[in-house]
Amino acid sequence: MGFIRRLNDIPREEYFAPGHAFCAGCGITSIIRMVLKAYEGPKIIVNATGCMEVASTLYPRTAWKVPWIHSAFENAAATAAGIEAAFKILNRKYGYNKKVHVIAFGGDGGTFDIGIQALSGALERGHNFTYICYDNEAYMNTGIQRSGATPMGAATTTSPAGRVIPGKPQGKKDLVFIAAFHKIPYVATLNPAFMQDMYNKLVKASQIEGPKFLHYYTPCPTGWRFDTSHSIKIARLAVQTRFFPLYEIERGKLRITVDIKKPKPLEEYLKLQGRFRHLLDPKNKHIVDALKEEIERNWQRLKMLSQLDFIY
Amino acid sequence: MADDLKTWRELPVAMIVDQPGNTVEVETGTWRALRPVLDPSKCIKCLICWVYCPDLAIERLEDDSVKINYYYCKGCGICAEECPTKAIQMVEEGV
Amino acid sequence: MEVKVERQIRTGLNGDEAVAYAAYHADVDVIAAYPITPQTIIVERLSEFVHDGLLDAEFIPVESEHSALSAVVGAAASGVRTFTATASQGLALMYEILYIASSLRLPIVMALADRALSALINIHCSHDDAYAARDSGWIEFFAENVQEAYDLVIAAFRVAEDKNISFPAIVNLDGFILSHSIEPLYIYEGQDVVREFLPRREPIVKLDPDKPVTIGALALQNYYIELKRAQAEAFEATPPYIRKILREYSEFSGRKYDFIKKYMIDDADIGFLVLGSTAGTMRHVVRKWREKGRKVGLISLTLYRPFPVDDLRDAVKGLKKLVIMDRSYSFGSPYAQLYMDVAATLYDEPEKPDLINVIYGLGGRDFNEYTAEEMWEKINRPGVKKIWVGVRGD
């Protein structure tokens, strides 16, 4: 129970059932299973509309063995805020006397884009809850449309690799920092390929009072166009190329939790995925260079900030 | 999955699903094109396949050895790809 | 009916304050609301009650109306008593969640300080917002005055939370005309009095870690229509329970409440049908017109959804003409919203009055004795079916 040193320490009990409808090779169930294990005791899950919701709760069935609610696309954080408030009242006024974890899940569309207002409000108000963004870097549930989380150059159905505009022209929004600078007690990035790091961050988050924001990188074979068996391999490369750095900010102190001293070439990451294939064409080298520059600047920024006693 | 479709009179109030985890009855193994085959003699009980299987199709046994549940396995191949001792091989379904 | 004043206080409040006192006296548990004129005073007063320790509730000062209703959806799904309030654009922003709250059978109570929808932006009364919610599966009440606004909020909690009902409820009060007008009214001495009428909520379904359920799943072609059929059946079954609770509340308060109110209608030739505060104006007008020998009468709806079909069919019997007054407009529809409900209600009746639709008062345009006289002149023109009153150019 609690923190783990190896995978065998992860509890056996499952709170999420098989028979769900996630695509083969999807990375989303890893975060579901691990959250439900790492957050000990009573918990309530709030789910924004998206892949997680539709693949796990096709009426009259549900894969969830814990209380779960879905209301709409953009309001998971607000719904969670109401649940948190209700359990405060149940404890204070009606003697319920149980600590209940309130955990909201939203995809990148539901978090970076349409749900950012409700998320910001809930973080600012200081509700004691966890918001987890499972980021597959596009609107996968509606058929792979670009979002504020889609990386530069990636092809989606609304940022296709066209002859004039090859993929998404804009870079990715830094939602972790946007969340962090609500001055909340804990934010962290999570990647399934680094399971011990991820699991222990979940345990830590579960023990912190106040709003927690966790950003989970979830590989998507359908939307990113890669072989289903490569899910974890790609997730690992995302960290090893510094494309998706693993760090946490605890009460304003930033710490890189998986240091990548010698990053692998970005091309190793790009070439496995159909969404980036056009970038390997020499005429698109400038986009790869821009991506590399963005990755380098981000890494240097994290390194510098990790030297400080606190960043907020 | 042979669900008996219920009439509106038989549904639980408030549109809830009141049987937690009842997807367990749904066979998703029919999605599979490739089939993972485990060689138990090579298994080092590291649980990587158990952790990463998106379909909860790897059963974790008492001693942390594992067993593949083909009722759920969609054949993604993550287990074979990630297995450090190559104890799992993907073979074509039906061959 | 006996007026039970012993545990009630005679005081003066505006409609918003009265609503806030009602939610306070109902011992509400979670409030989420966002400021919007003319509802703002409600959330200001409730914040004061909470910050001064008078009301033990969680007040969530959300960042939008969408989040206000979403938060109370979450809270109501957790089993506690919930309240929100809004108007106009705020209701429009909540629109998506209205349907969800009803589908999930969450007994949220909302006060709606009725206000015109933009554009152009306006802060005064129309019933656009009240009508916008009409198809969403919320019970809707209309208050005629500040006393009714107070009483109906308390009654609405009992109605919404009743195990045979369990649907959300809106209490409409006309923006500014009621929300900002101070009127004398009776309020209860406090929560202890109201608790005798309104005990703690017992949810029919809730998020409970000891008994997990999935709320708000995905339903496709094989189940959505059955789920809606069941919801429709449940909603249509509510009127007898609502009636029973309004009767109980009448006993409790000493003030009579039912689905509709009638004034001088029984022997009238021409009836007027209204919603909200205009009932007060029209009662005065009807009395004056009776003195002039005009055989007129008034019907006003306290319950707007579910539509009080039987009560209305009964009330219009013997009328030659029924003038249906809409404080809104339905673009592209044959008539405005209330008219269409009434027309559908009366269509199958063997004998029914001629119907006339009057559009009036949009954006707070005053409706008074003079406008009423203009209306009288216009409805007596031959062949009139739909008219606007109080508008320059007509």
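Visitor: Before we look around, what do buried, exposed and partly exposed mean?
Guide: Buried means under 20% relative accessible area, and exposed means over 50%. Partly exposed is in between. One more thing: this is a predicted model.

Visitor: Which side chain meets that of D63(B) in a salt bridge?
Guide: That of K45(B), with N to O at 3.2 Å. K45(B) sits in the loop between β1 (34-38) and α1 (48-52) of chain B, while D63(B) sits in the loop between β2 (58-60) and β3 (66-68), so the pair ties together parts 18 residues apart in sequence. K45(B) has a relative accessible area of 33%, which means partly exposed.

Visitor: How many salt bridges turn up over all chains?
Guide: 64, in a search of the whole structure.

Visitor: Give me one in chain C. What does D267(C) form a salt bridge with?
Guide: R290(C), and their closest N and O atoms are 2.8 Å apart. D267(C) lies in the loop between β10 (260-263) and β11 (270-275), and R290(C) in helix α10 (residues 278-291), so this pair ties together parts 23 residues apart in sequence. Salt bridges with shared partners also join E84(A), K88(A), R92(A), D56(C) and E58(C) into one network.

Visitor: And R134(C)? Which side chain meets it in a salt bridge?
Guide: D135(C), at 3.8 Å from N to O. D135(C) is exposed, at 52%. R134(C) is partly exposed, at 21%.

Visitor: Switching to interfaces. How many residues of chain B are in contact with chain A?
Guide: 41 residues of chain B, against 42 residues of chain A. The two chains bury about 3,200 Å² between them, with 53% from carbon and sulfur atoms. On the chain B side, T23(B), Y52(B) and L56(B) lose the most area, together 20% of what that side buries.

Visitor: How many salt bridges cross that interface?
Guide: Four. One joins the side chains of R236(A) and E82(B), at 2.4 Å from N to O. There are also 27 residue pairs in polar contact.

Visitor: Which elements of chain B give two or more residues to that side?
Guide: α1 and α2 (78-82). α1(B) gives the most, with four residues. By class, that side has 23 nonpolar, seven polar and 11 charged residues.

Visitor: Now chain B and chain C. How much area do they bury between them?
Guide: About 1,400 Å², 76% of it on carbon and sulfur atoms. W8(B), A14(B) and M15(B) supply 46% of the area chain B buries there, more than any other three residues. The salt bridge count between these chains is zero. Two residue pairs are in polar contact. By class, the chain B side has nine nonpolar, one polar and three charged residues.

Visitor: Last topic, covered parts. How many residues of helix α1 (residues 28-38) of chain A are buried?
Guide: 11 of its 11. Among them are I28(A), R33(A) and K37(A).

Visitor: What about strand β6 (residues 139-142) of chain C? Which residues lie on each side?
Guide: I139(C) and F141(C) are on one side, E140(C) and F142(C) on the other, and all are buried. β6(C) pairs with strand β7 (residues 169-174) in the parallel sense, over four bridges. E140(C) stands opposite I170(C) in β7(C).

Methods
Residues numbered from 1 in each chain as written. Chains lettered and ligands numbered in written order. Predicted model: local features only at pLDDT ≥ 70, side-chain atom pairs only at ≥ 80, totals over all residues. Heavy atoms only, no water. Buried area = accessible area lost by both parts, 1.4 Å probe. Polar contact = N/O pair within 3.5 Å; in protein donor to acceptor, adjacent residues only side chain to side chain. Nonpolar A, V, L, I, M, F, W, Y, C, P; charged D, E, K, R; others polar. Buried < 20%, exposed > 50% of the residue type's maximum accessible area, 1.4 Å probe, protein only. Pairing = 2+ DSSP bridges. Contact = heavy atoms within 4.5 Å.
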